[in-house]
Amino acid sequence: MAGVAIGAATRARTVVYASTFAAFWTRAFDQIRMGAISMSNANFVGSHAGVSIGEDGASQMALEDIAMFRSIPNSTVFYPRDAVSTERAVELAANTPGICFIRTSRPNFPVIYDNAASFSVGQARVVRSSGDDVCTVVAAGVTLVEAMKLGQTHPELPLRVIDVFTVKPLDVAAIKSAVSATNGRLVVAEDHYPEGRPAC
């Protein structure tokens, strides 16, 4: 499937999306790597990511997919939170040169973004903030859901919550600004092995 996607994207003949469980893309790493070296614009979607897939079991839990796709030269890695941001990620991937990866989740999450919400590659969004925030929480996908729940169930703990949307490129400026406003306190909420963490 990866080889066919890369072949179909050759010479910009078409916009290509190949989709499977995120864990299964590890099997195609060499094809994806060679596609990037050949300047392919193929787009890959990985679903059922992280431990949140629960009953599907450990063999199906992608916990290395972000690290893998971040290591691809000139790649872009999206991690949308809901249906609206996923649709925007698909649109952006179609118009972004190089290999793109869109990480999606299994659970049925509520939509938090308005249908008209705009997104950009490398631009994070502050989804919860106040003038009294004591800590910045950086999250995406399922961890953003949990970070927002924490803020709602513990209103006495004012948190600034950031949806990074693209893990590569990461909006370092937005994160630094938020951390500065919350007295240098930062929590990174991940559903992934720590090796996928980008350096701020």
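Analyst: Accessible areas come from the Shrake-Rupley method with a 1.4 Å probe. On that basis the chain has an accessible surface of about 9600 Å². Carbon and sulfur atoms hold 54% of that surface. Keep in mind that this is a predicted model.

User: How do you know whether the radius of gyration of the chain agrees with a compact globule?

Analyst: Set the value against the rule, which is 2.2 Å times the number of residues to the power 0.38. For 200 residues, a compact globule would have a radius near 16 Å. The chain has 17 Å, so the two agree. Along its principal axes, the C-alpha trace spans about 55 × 35 × 30 Å.

User: What makes Cys100 count as buried or exposed?

Analyst: Buried means under 20% relative accessible area. Cys100 has 0% relative accessibility, so Cys100 counts as buried. Across the chain, 49% of the 200 residues count as buried.

User: Where does Cys100 lie, and which residues is Cys100 in contact with, leaving aside neighbours within four places in sequence?

Analyst: Cys100 lies in strand 4. Contact means heavy atoms within 4.5 Å. With those neighbours set aside, Cys100 is in contact with Ala42, Asn43, Phe44, Thr76, Phe78 and Ala93.

User: What makes strand 2 and strand 4 a pair?

Analyst: Two strands pair if there are at least two bridges between them. Four bridges join strand 2 (residues 43–47) to strand 4 (residues 100–103), so the pair qualifies. The two strands run parallel. Gly46 has Arg103 in strand 4 as its bridge partner.

User: Which sheet has the order 1-2-4-3-8, and what kind of pairing?

Analyst: That order belongs to an open sheet of five strands with mixed pairing. Strand 1 (17–21) and strand 8 (166–168) are the edge strands, and each pairs on one side only. From one strand to the next, the twist averages 20°.

User: Which helix lies across strand 4, and at what angle to that strand?

Analyst: Helix 4 (residues 83–94) does, at about 175° to strand 4. Angles run from 0 to 180 degrees between N-to-C directions. Helix 4 also lies across strand 1, strand 2 and strand 3 (76–78).

User: Why are strand 5 and strand 9 said to stand at the edges?

Analyst: Four strands form an open sheet in the order 5-7-6-9, with mixed pairing. Strand 5 (125–128) and strand 9 (186–188) each have a single partner strand, so one side of each is left without a neighbour in the sheet. The twist here averages 30° from one strand to the next.

User: What makes strand 6 and strand 7 a pair?

Analyst: The cut-off is at least two bridges. Strand 6 (residues 135–139) and strand 7 (residues 159–163) have five bridges, in the parallel sense, so they pair. Ala139 has Asp163 in strand 7 as its bridge partner.

User: Which helices lie across strand 7?

Analyst: Helix 5 (residues 141–153) lies across strand 5, strand 6 and strand 7, at about 160° to strand 7. Helix 6 (residues 172–181) lies across strand 6, strand 7 and strand 9, at about 175° to strand 7.

User: What domains does the assignment give, and how many residues of each are in contact?

Analyst: The assignment gives domain 1 (1–103) and domain 2 (125–189). Their C-alpha centres lie 25 Å apart. Heavy atoms within 4.5 Å make a contact. By that test, 15 residues of domain 1 are in contact with eleven residues of domain 2.

Conventions
Residues are numbered from 1 along each chain as its sequence is written. This is a predicted model: local features need pLDDT of at least 70, side-chain atom pairs count only at pLDDT 80 or more; totals for chains, interfaces and linings use all residues. Side-chain values use heavy atoms; hydrogens and water are left out. Buried means under 20% relative accessible area, exposed over 50%, partly exposed in between (1.4 Å probe, protein chains only). Domain bounds come from an automatic or database domain assignment.
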